[in-house]
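Please keep the structure in view while reading.

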Amino acid sequence: MKSPFKFYLFAVILIIIDQAIKLWMHFEVIPNHFGEIDLIPGFLKLHYITNKGMAFGMELGGDYGKLILTAFRLVAMGVIVYILAKLARKGSPDGLLWSLGAILAGAIGNVVDSIFYGVFLNNAPFDAPSPWFHGQVIDMFYAYGLDGYWPDWVPFLGGTYNNTPIFNFADACIFVGVVTILIFQKSFIDQPLENSRNEFQTAIESDYDNEEN
């Protein structure tokens, strides 16, 4: 049995990093750097932009679309918190638990924007029914060097123009967490099974020894 505390603490640290970057972009980069800073000239830069919906600018329409999206995110956060604690107590691999912690941090980081930024940063859309729960998520990482036309030989995308999505640290946490789980899912599943078999075998051998004595 493991305590989930360190994985929750990991999530909190990632949330703090995410919020620090976003607030720095808002209060420092916009007024003093015109909203942009080149990190890798010709390829990667910080570019301040707000997103009132989901990833890649998608959104739910209507007056209550944003509230529905935020409510869904809150439910998802609760589910991840529960699953992480349950898997930790079952002795699941640390890699899986760290990944879930990263996904949890990403989800919370963007929810903070949605709930509070409309009030404290005054960035809710002009037509929002309320600044609460209608704040816009701040994005900044832009690999603009990847923009351009896809080669003609690329299936389905050949000849079309690629606009590289702009993302934030919270999005990166979710992406890395999900990809890690997908890549190592076999070991994440096999290790608990192997541990269970070993525990079962140990218990049988212990019972056998007791009977002989």
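In this predicted model, helix α3 and helix α4 (residues 169-183) pack with their axes 7 Å apart, at an angle of about 155°. Angles over 145 degrees count as roughly antiparallel, and α3 and α4 are therefore roughly antiparallel to each other. The crossing in which α3 passes α4 is left-handed.

Helix α3 also packs against helix α1 (residues 5-33): the two axes come within 8 Å and cross at roughly 40°. The helices α1 and α3 are therefore oblique to each other. Here α1 passes α3 in a right-handed crossing. The contact of α1 with α3 has 15 nonpolar, four polar and five charged residues.

The two helix pairs can be set side by side. Two packed helices are described by the angle between their axes and the distance between the axes.

| Helix pair | Angle between axes | Distance of axes |
|---|---|---|
| α1 and α3 | roughly 40° | within 8 Å |
| α3 and α4 | about 155° | 7 Å |

These helices belong to a chain whose secondary structure comes to five helices and five strands. Read from the N terminus, the order of the elements is α-β-β-α-α-β-β-β-α-α. The chain has 213 residues, of which 34% count as buried.

How many aromatic pairs does a search of the whole structure find? The search finds nine. One of them is the pair of F116 and F120, which is tilted, with 6.2 Å centre to centre and 40° between the planes. Both F116 and F120 lie in helix α3 (residues 94-120), and they are four residues apart, about one turn of the helix. Is F116 buried, partly exposed or exposed? Because its relative accessibility is 34%, F116 counts as partly exposed. F120, at 59% relative accessibility, counts as exposed.

F116 forms an aromatic pair with W132 as well; this pair is edge-to-face, with 6.1 Å centre to centre and 80° between the planes. The pair links distant parts of the chain, since F116 is in helix α3 and W132 in the loop between α3 and β3 (137-142), 16 residues apart. W132 counts as partly exposed, at 40% relative accessibility.

F7, F10 and W98 form one aromatic cluster. The ring of Y144 has a charged neighbour: K45 lies over the face of Y144, at 4.8 Å from the ring centre.

Most residues other than glycine have a negative phi. F34, however, has a positive value, with phi near 55°. Where is F34 found? F34 is in the loop between α1 and β1 (36-40). At 80% relative accessibility, F34 counts as exposed. Phi of F156 is likewise positive, near 70°. F156 lies in the loop between β4 (148-149) and β5 (161-162), and at 85% relative accessibility F156 counts as exposed.

In summary, helix α3 is roughly antiparallel to α4 and oblique to α1. The same helix α3 holds F116, which pairs with F120 and with W132.

Notes:
Residues numbered from 1 in each chain as written. Predicted model: local features only at pLDDT ≥ 70, side-chain atom pairs only at ≥ 80, totals over all residues. Heavy atoms only, no water. Phe/Tyr/Trp six-rings, centres within 6.5 Å; stacked < 30°, edge-to-face > 60°. Helix = DSSP H or I, 4+ residues; strand = E, 2+ residues; numbered from the N terminus. Buried < 20%, exposed > 50% of the residue type's maximum accessible area, 1.4 Å probe, protein only. Lys NZ or Arg CZ within 6 Å of the ring centre and 35° of its normal. Axes fitted to C-alpha atoms, helices over the stretch in contact; angles between N-to-C directions. Parallel < 35°, antiparallel > 145°, perpendicular 65-115°, else oblique. Left-handed = near helix turned anticlockwise from the far one by under 90°. Nonpolar A, V, L, I, M, F, W, Y, C, P; charged D, E, K, R; others polar.
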